[in-house]
Amino acid sequence: MSTPSPLLTVAEIRVHYGVIPALTNVSLEIMPGQILALIGANGAGKSTILRSISKLVPLSQGSIHFQGELISQLPPHQIARKGISHVPEGRGIFLNLTVEENLDLGAWAAQNPKTYDDDLATVFELFPRLAERRKQSAGTLSGGEQQMLALGRAWMSQPRLLLLDEPSLGLAPQFIERIFELIQDINRRGVTVLLVEQNALQALEIAHEAIVLETGKVVMKGNAQDLAKSDAIRRAYLGGEYL
Amino acid sequence: MIELIQHLINGFSMGSIYALIALGYTMVFGILQLINFAHGDVYMVGAFTGFYAIHFFKLAEHPSWLSLALTLVVAMIGSGCLGWCIERLAYRPLRKSPRINVLITAVGVSLFLEFAGQLFFGADPKFFPQVLSFEGDWSFNELKINPLQVLIFVVSIFLMLALDWMIYRTRLGRAMRATSFNLEYASLMGIPTDQVISLTFVLGSTLAGAAGVLVGLTYPKIDPLMGVLPGLKAFVAAVLGGIGNVRGAVLGALILGLSEEFLVGYGAPTFRDALAFGLLIMILLFKPTGLLGLKRAEKV
């Protein structure tokens, strides 16, 4: 039996902000169909991993392959068009555009423009709230609605891989629950998810695999349920020196 | 009454010239937060491109609407190419540099164009030939209207409506608005932001080139430093309207054109050029975001 090949392979990447190292020798793999959670304290380098996959920050060393193809040489817009949709921290909504215009921009990266109408119908099925507000300026949406818009817009780009940076940030508890359900829903529809969360325990509940980062290094990886039970996770999540 | 109408016509005509230039400032600022000080000189190059086009195609010998259209198109293409080159050669290599470096470069590009202009076109003013002949002014009883001023207004309005349509009604315009909101987010959408930036420079420069020709027709003396003052005033107009805001730039420019005209007509003609800068100081003191400008949400 042949093992399936990973969707994304990050090999020994290093990233520096000026002279300060943000990532030192990080490697990871995501298998198709998974939800992989990246957890760790503030400043551990979680967002930097996502930003280096999308080429928002340059790599000083290492390589990134997506579906077997080297993508770490490409500019961000071409990476998006390969099927990697990145919802940045703060959601990346264009507050000066309407809900509909935001969704429409998501479709710039879609590889098959013919299914636009079907994709839009799916978005409105997943997020009925967006259908009600399609003509409204995105700036008038609540935080939770903006997060739904960000996920809906990502769906419009027909992603194979969804990079989510702190989707629960700044949301009310009942919304956080809902957003996590929606992420699982999107995943069940065939999208692989790389999830960065501070909300570690909740992220581990929906993830299949998880990686724990500490100051720019991978310190643990494994099955999400196993990690959720370990003490080490709480230590990493709290930043180490507290215990 | 007649005098008032006369002043209104003059003011709108001058204001629409400022508007055509101000749009380039405001669009580039909207996307790159850069004041492209070379923009006034692009307007100058537009006027000279029109001038040489008229001589090359001998358009002054056959004054007609077609000659005017041809002059405008050639000047717009010429200045559009210049705008593309400026962005590609001067600003793009500095995309990741601190903003002050880019600002100094902008001043440098401006000086370069002014003195390269003196070298290639000659420092002495040139006479801009007429490509459209009107038999004197249009008279309505006492009121005399210079058809050229109406022409300036009409052509400018047409170009501005075309731009507005492009920005608010097309897919490309949506990509431009997204890029101007946040370049990084736009690139994550799959929008080729470098190309959007180039397009922005080309569009802005094209409008400035058209303004150069229209000014040449009405005030037929062009020289390599002609862009300095209108450039600065258009910049003030863009700030007045709220820099980064396309419709604001047009509003600011019309207000500036009209107030200059009324100042000249009813009071203190010698203060004409001081008005724009007085206005600039006032806006920066009392409403730095301009008339239609919005406060940008600070990122936490």
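**Exercise 1.** State how many other C-beta atoms lie within 10 Å of that of Thr215(A), and classify this residue as buried, exposed or partly exposed.

*Solution.* Thr215(A) has 16 other C-beta atoms within 10 Å. A residue is buried with 20 or more such atoms within 10 Å of its own, exposed with 12 or fewer, and partly exposed in between, the C-beta atoms being placed from the backbone. Thr215(A) is therefore partly exposed.

The model is predicted: local features need pLDDT of at least 70 and side-chain atom pairs count only at pLDDT 80 or more, whereas totals for chains, interfaces and linings use all residues. Residues are numbered from 1 along each chain as its sequence is written, while chains are lettered from A and ligands numbered from 1 in the order in which they are written.

**Exercise 2.** Describe where Thr215(A) is placed and how the two strands E9(A) and E10(A) run.

*Solution.* Thr215(A) is in the loop between E9 and E10 of chain A. Helices (H or I, at least four residues) and strands (E, at least two) are DSSP runs, numbered from the N terminus. E9 (residues 209–214) and E10 (residues 217–223) of chain A run antiparallel and are joined by six bridges; two strands pair if DSSP finds at least two bridges between them. In this pairing, Glu209(A) stands opposite Asn223(A). Thr215(A) has a phi near 35°, which is positive although the residue is not glycine.

**Exercise 3.** Give the strand order of the open four-stranded sheet in chain A and identify its edge strands.

*Solution.* The order is E2-E1-E4-E5, with antiparallel pairing. Strand E2 (20–30) and strand E5 (69–70) of chain A stand at the edges; each has a single partner strand, so one side of each lacks a neighbour in the sheet. E5(A) pairs with E4 (residues 61–66) of chain A over two bridges in the antiparallel sense, and His65(A) stands opposite Leu70(A).

**Exercise 4.** How many of the six residues of strand E8(A) are buried, and in which sense does E8(A) pair with E3(A) and with E7(A)?

*Solution.* Six of the six residues of E8 (residues 192–197) of chain A are buried, so the strand is largely enclosed by the rest of the structure. Thr192(A), Leu194(A) and Val196(A) lie on one side, with Val193(A), Leu195(A) and Glu197(A) on the other. E8(A) pairs in the parallel sense with E3 (residues 35–40) of chain A over five bridges; here Leu38(A) stands opposite Val196(A). The pairing of E8(A) with E7 (residues 161–165) of chain A is parallel over five bridges, and Leu164(A) stands opposite Leu195(A).

**Exercise 5.** Decide whether H2(B) and H4(B) are roughly parallel or roughly antiparallel.

*Solution.* H2 (residues 39–56) and H4 (residues 99–121) of chain B pack at an angle of about 25°, with axes 9 Å apart. Axes are lines fitted to C-alpha atoms, for helices over the stretch in contact, and angles run from 0 to 180 degrees between N-to-C directions. Angles under 35 degrees count as roughly parallel, over 145 as roughly antiparallel, 65 to 115 as roughly perpendicular and the rest as oblique. H2(B) and H4(B) are therefore roughly parallel.
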